[in-house]
Amino acid sequence: MDVIDTSCLHPCSTSLTMASCSVTSATALGEGQTPSQKREERLLKFRDLHLKRNEARKLNHQEVVEEDKRLKLPANWEAKKARLEWEVAEDAKKKECADKGEDYHRVKLLEITADDAERFERKKKKKNPDQGFAGYAEAQFRQYQRLTKQIRPDFEGYEKQREECGVDFHPTSNSLIHGTHVPSKDGIDRMVDDVEKQIEKRAKYSRRRAYNDDADIDYINERNAKFNKKAERFYGKYTAEIKQNLERGTAV
């Protein structure tokens, strides 16, 4: 029996030989099965495919239901959900600190980094503290805060007034210095400037117009009423005669 040296064969011929051998072995195995065995194998494959199809159908239905739920939710649902989760975590943290006897605000500040604290401070400064008129007490307090922030220490005037008053600079029950203080020219100028700014700011306010019950109703809602007022303001002088003719019934 002659021996064939496979080292001299080309790699492609070697792979073709192996593929043909595998096909031959598979054919031999297939031919060795009985018809009942082939039918059983085919049914198992069909059953497997049927189970996979049902599983894919179930997953697709679940995804469709979830997508429908997401579409029915409000537009800001994700933000609301995150806010609610944050509030729940905050309440749990407060309760935990209360049980341990710790100050919640102190514990919270310990967890904030320097960069975050600086960013929060810049964000707080950008906010407008004036939230509008809520009451005379709040308005007076905001005015006081605004005026005190404008005060700049005058050390020269302080030393000068201290020398002029002498021992009465720190008054006691026996001191009589009421009415002796004379304001400086710079102080008077600052007061005048502040009063003028207040007058200018107050002039920009627009009060709510009173409602006239006897006026003609020519609108269907508030927005339409504003539009009619604008149209009357710009085109009223051109349409006055037409309107009078319509009211008298003499319009052509």
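**Chat about salt bridges, patches and buried spots**

Trainee: Which side chain does K243 meet in a salt bridge?

Mentor: K243 pairs with E232, at 3.1 Å from N to O. A salt bridge here is a side-chain nitrogen of Lys or Arg within 4 Å of a carboxyl oxygen of Asp or Glu.

Trainee: Before I go on, what am I looking at?

Mentor: This is a predicted model, where local features need pLDDT of at least 70 and side-chain atom pairs count only at pLDDT 80 or more, while totals for chains, interfaces and linings use all residues. Residues are numbered from 1 along each chain as its sequence is written, and side-chain values use heavy atoms, leaving out hydrogens and water.

Trainee: Okay, back to the pair. How accessible is K243, and how accessible is E232?

Mentor: K243 has 39% relative accessibility and so is partly exposed. E232 is partly exposed too, with 43%. The cut-offs are under 20% relative accessible area for buried, over 50% for exposed, and partly exposed in between, with a 1.4 Å probe and protein chains only.

Trainee: How many salt bridges does that rule give?

Mentor: The count comes to 11 salt bridges. One of the pairs is E111 with K93, at 3.4 Å from N to O. E111 sits in the loop between α4 (104-110) and α5 (114-126) and K93 in helix α3 (residues 77-100), so this pair ties together parts 18 residues apart in sequence.

Trainee: Is E111 exposed or buried?

Mentor: E111 is exposed, with a relative accessible area of 52%. K93 has 27%, so K93 counts as partly exposed.

Trainee: Where do E118 and R122 lie?

Mentor: Both are in helix α5, 4 residues apart, which is about one turn of the helix. E118 is partly exposed at 47% relative accessible area, and R122 is partly exposed, with 47%.

Trainee: And why do side chains pair up like that in general?

Mentor: Side chains of opposite charge can pair when their charged atoms come close.

Trainee: Change of topic: how many helices and strands does the chain have?

Mentor: The chain has 9 helices and 0 strands, and along the sequence the pattern reads α-α-α-α-α-α-α-α-α. Helices (H or I, at least four residues) and strands (E, at least two) are DSSP runs, numbered from the N terminus.

Trainee: What share of the residues is buried?

Mentor: Buried residues are 5% of the 252 in the chain. The chain exposes about 24800 Å², with carbon and sulfur atoms supplying 56% of that area. Accessible areas come from the Shrake-Rupley method with a 1.4 Å probe, and for residues only the protein chains shown count as cover.

Trainee: What about contacts between residues 24 or more positions apart?

Mentor: They account for 19% of the chain's contacts with a separation of 6 or more. Contact means heavy atoms within 4.5 Å.

Trainee: Is Y104 buried or exposed?

Mentor: Y104, found in helix α4, is buried at 10% relative accessible area. Apart from neighbours within four places in sequence, Y104 is in contact with E90, K93, K94 and C97.

Trainee: Now the surface. Which residues form the nonpolar patch?

Mentor: I188, M191, V192, V195 and I199 form it, with about 420 Å² of accessible area together. V192 is in helix α8 (residues 185-203), and V192 counts as partly exposed at 34% relative accessibility. Patches take residues with over 30% relative accessible area and no salt bridge, joining like charges within 9 Å and nonpolar side chains (Val, Leu, Ile, Met, Phe, Trp, Tyr) within 5 Å.

Trainee: Which residues form the positive patch?

Mentor: K226, K229, K230 and R233. K226 is in helix α9 (residues 222-248) and is exposed, with a relative accessible area of 53%. Lys and Arg count as positive and Asp and Glu as negative, while His and the chain ends are not counted. The place of a charge is NZ of Lys, CZ of Arg, CG of Asp or CD of Glu.
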